[in-house]
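Dear colleague,

I am passing on the structure below, and my notes on what was found in it follow directly after. Please read them alongside the coordinates.

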Amino acid sequence: MTIKKRGKHGFMEAPWKYDRRKCQILVATLRSPKKMVGAQMTPPGLGHLYKKNLDVTKIRTGKPRPLLRVEDHDFTMRPAFGGPAIPVGVDVQVESLDSISEVDMDFTMTLYLRHYWRDERLAFPSSSNRSMTFDGRLVKKIWVPDVFFVHSKRSFTHDTTTDNIMLRVFPDGHVLYSMRITVTAMCNMDFSHFPLDSQTCSLELESYAYTDEDLMLYWKNGDESLKTDEKISLSQFLIQKFHTTSRLAFYSSTGWYNRLYINFTLRRHIFFFLLQTYFPATLMVMLSWVSFWIDHRAVPARVSLGIMTVLTMSTIITGVNASMPRVSYIRAVDIYLWVSFVFVFLSVLEYAAVNYLTTVQEQKERKLRDKFPCTCGMLHSRTMTLDGSYSESEANSLAGYPRSHILPEEERQDKIVVHLALNSELTSSRKKGLLKGQMGLYIFQNTHAIDKYSRLIFPAFYIVFNLIYWSVFS
């Protein structure tokens, strides 16, 4: 029998021939191509369409026998239930310290938490495999320690691209359970020395349900159980020390529990606060001293300078308090800022005193000129020499005196002679009071003397304050 094959230009004879039996096989094959796989006879010219290489690795010889007989045991109970407490070793590798918040008084840490224990129910016979590793799906089927973070606010297990959980089982039943966790926990901070302070925070681990009679938590390798990344750094703190401790925690309703502590000490960087707080406050105090060199008659200049420095200090204090928790005790930065504010405020009061005393003095001299006209033959006169410069009103009061009573120009540079007509009826008690208050008259009648003393007293006291402050808090 000759088979004709339909081509592009009609039917053509095939170069090969089949008998009837072979044609039946060919037709059956075309109707169900899957039957050709592995067949003994493949039609010439069509073998490249149906021939398939078999992958022996995908051939299932039968259902494999599980090494871990999870279904044969009740894993709702802890290992060795009814016996002694099961020891669970813990070690931690700190990946990063993400943030420290003074306002919320907490910290955020990312770490690898690993547990080690032995469960004989997971033992399996093996001559070649040293261990078997599983992902987080097996964790839901077996018993694992119920460790939680005490005083934690938020925590989660990373799940990108899959749950960051690893379970490794050894033939003798030892188990390694590891997970990657980010936790935000509370840290009791003391800001009495802020910003020259050091803070010690702790991350606490504890079993939630099992007391020390059922589960014994311990650091697997002592202080070596805590590993940290050398690249860990914070913008405002210097990490000084990581260490581990453990102790028992008692709850009145449930009993005693093993608790593990991850302690770390942080030292705050002071340079940021020097630039943002201390230097501006110091400059404002020094700027307030400029008014002592300005003429007391320049009222707008001295008043505006004083108000500007007071308002600037208020802004600095408000900015510092906005980024800090509202505590009921005094902090180190509060002492410095408020003392600086007092110095600035006193410089404003100093000018108020100078301006008031100048006005009072001018009014007294005006009354004296009106009551006792200036004459050369004035009796019972006294002469008082005062250091400092004099105002125009004081100079005009000497207009009626002869030039013999006025000092030459060379001697008038630092002194002024003021003739005051004293009443002859003054009592002896008033004269004694004037002698005792001679120093007071020297200061209060010469208004420039107050500014001169302020130029020395204000900087001296501020320097002494800084020496005491930095020696106590640093």
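The link between cysteine 187 and cysteine 201 is left-handed, with -80 degrees about the S-S bond. It connects distant parts of the chain, since cysteine 187 sits in the loop between β9 (174-186) and β10 (198-207) while cysteine 201 belongs to strand β10, the two being 14 residues apart. The sulfur atoms of cysteine 187 and cysteine 201 are 1.9 Å apart, and a pair of cysteine sulfur atoms within 2.5 Å is what counts as a disulfide here. A search of the whole structure turns up 1 disulfide, and both cysteine 187 and cysteine 201 are buried. Please keep in mind throughout that this is a predicted model.

As for the chain as a whole, it holds 9 helices and 16 strands, and of its 474 residues 36% are buried. Among contacts with a separation of 6 or more, 74% are between residues 24 or more positions apart. The accessible surface of the protein chain comes to about 30300 Å², and carbon and sulfur atoms account for 57% of that surface.

Strand β10, which carries cysteine 201, also takes part in an open sheet of 4 strands, whose order is β6-β10-β14-β13 and whose pairing is antiparallel. The edges are held by β6 (147-150) and β13 (237-251), each of which has a single partner strand, so one side of each is left without a neighbour in the sheet. From one strand to the next, the twist averages 25 degrees. Strands β6 and β10 run antiparallel and are joined by 4 bridges, and valine 147 stands opposite serine 207 in β10.

Two peptide bonds deserve a look when you prepare the model. The bond joining phenylalanine 194 and proline 195 is cis, with omega at about 0 degrees, and proline 195 lies in the loop between β9 and β10, which is also where cysteine 187 is found. The bond from threonine 160 to threonine 161 is likewise cis, its omega being near 0 degrees, and threonine 161 is placed in the loop between β7 (152-157) and β8 (165-169).

There are also backbone angles to report. Alanine 80 is not a glycine, yet it has a positive phi of about 55 degrees; alanine 80 is located in the loop between α2 (47-50) and β3 (86-101). With a relative accessibility of 56%, alanine 80 counts as exposed, because the cut-off for that class is over 50%. Methionine 105, again not a glycine, has a positive phi of about 55 degrees and lies in the loop between β3 and β4 (106-118). The relative accessible area of methionine 105 is 24%, which makes this residue partly exposed.

Finally, a word on annotation. According to the unreviewed UniProt entry, the label "transmembrane region" covers residues 270-293, 305-323, 335-357 and 456-473. In the predicted model, residues 335-357 are 100% helix and 0% strand, with the end C-alpha atoms 32 Å apart. The span of residues 456-473 is also 100% helix and 0% strand, and its end C-alpha atoms lie 26 Å apart.

Definitions and conventions
Residues numbered from 1 in each chain as written. Predicted model: local features only at pLDDT ≥ 70, side-chain atom pairs only at ≥ 80, totals over all residues. Heavy atoms only, no water. Buried < 20%, exposed > 50% of the residue type's maximum accessible area, 1.4 Å probe, protein only. UniProt positions renumbered as here; feature names shortened; annotations may be inferred. Pairing = 2+ DSSP bridges. Axes fitted to C-alpha atoms, helices over the stretch in contact; angles between N-to-C directions. Contact = heavy atoms within 4.5 Å. Areas by Shrake-Rupley, 256 points an atom, 1.4 Å probe, with all protein chains shown as cover.
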